[in-house]
Amino acid sequence: MNVQVRAKDITLHDNTRAHIESAIDAFSKYALDITTVNVNVKAGKKGVSIEFDIHIAHAEPVIINQTDDNLDAAIDLAIDRASKALRRLHTKVVDHKNTSV
C-alpha cells in the first residue's frame with residue numbers, strides 16, 4: 001500500500017504525520033485490497049481541510065473531505081468517516097459473497 005501525506009500552506013509535525021499513518025495502517029483490518037492512500041492537508045480561510053483519497057482494487061475510490069478549525073479535530077473526524085466508509089464497503093463485499101440456501 002502506497003501512502004502519501006501532503007501538506008499545503010501548513011506544517012505537519014512528526015507526531016501528527018505519525019498519527020495519520022498509524023490510522024491508515026489500521027485500515028488494513030477491513031481486508032480490502034487498498035492500493036494507494038493520498039492525504040492532502042490544506043490551510044484555508046475557513047480552517048484546515050483534510051482529504052483522504054483511498055484507492056481500492058476492484059472498487060471505486062473512497063474520497064473523504066473534512067474541514068474544521070482545529071487540525072487534530074479535522075484529522076480525527078476524517079479518520080472516523082473513512083473507517084465508517086471502509087467498514088460499509090467491507091460489509092457489502094462480504095454479504096455479496098454469501099449464498100442463500
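**A walk through the model**

Modeller: Let's begin with N40: setting aside neighbours within four places in sequence, N40 is in contact with R6, S49, I50 and E51. Do keep in mind that this is a predicted model.

Colleague: Thanks! Where does N40 lie?
Modeller: N40 lies in strand β2.

Colleague: And is N40 buried or exposed?
Modeller: N40 counts as buried, because its relative accessibility is 17% and the cut-off for buried is under 20%.

Colleague: Which side chain does the side chain of N40 make a polar contact with?
Modeller: That would be R6: the two side chains make a polar contact at 3.4 Å.

Colleague: Changing topic, how many aromatic pairs are there?
Modeller: The count comes to 1 aromatic pair. The partners are F27 and F52, with ring centres 6.5 Å apart and planes at 65°.

Colleague: Why is the pair of F27 and F52 edge-to-face?
Modeller: Because the planes of F27 and F52 are at 65°, and planes over 60 degrees apart count as edge-to-face.

Colleague: OK, on to the loops. What can you tell me about the phi of D9?
Modeller: D9 has a positive phi of about 65°, although D9 is not a glycine. You'll find D9 in the loop between β1 (2–8) and α1, and at 62% relative accessibility D9 counts as exposed.

Colleague: And what about the phi of H58?
Modeller: H58 has a positive phi too, near 65°, and H58 is also a residue other than glycine. H58 lies in the loop between β3 and β4 and is exposed, with a relative accessible area of 86%.

Colleague: Last one: where is N70?
Modeller: N70 is in the loop between β4 (62–68) and α2 (71–97). With a relative accessible area of 43%, N70 is partly exposed.

Colleague: Which backbone nitrogen lies 3.3 Å from a polar atom of the N70 side chain?
Modeller: The backbone nitrogen of D72.

How values were computed
Residues numbered from 1 in each chain as written. Predicted model: local features only at pLDDT ≥ 70, side-chain atom pairs only at ≥ 80, totals over all residues. Heavy atoms only, no water. Phe/Tyr/Trp six-rings, centres within 6.5 Å; stacked < 30°, edge-to-face > 60°. Helix = DSSP H or I, 4+ residues; strand = E, 2+ residues; numbered from the N terminus. Buried < 20%, exposed > 50% of the residue type's maximum accessible area, 1.4 Å probe, protein only. Polar contact = N/O pair within 3.5 Å; in protein donor to acceptor, adjacent residues only side chain to side chain. Contact = heavy atoms within 4.5 Å.
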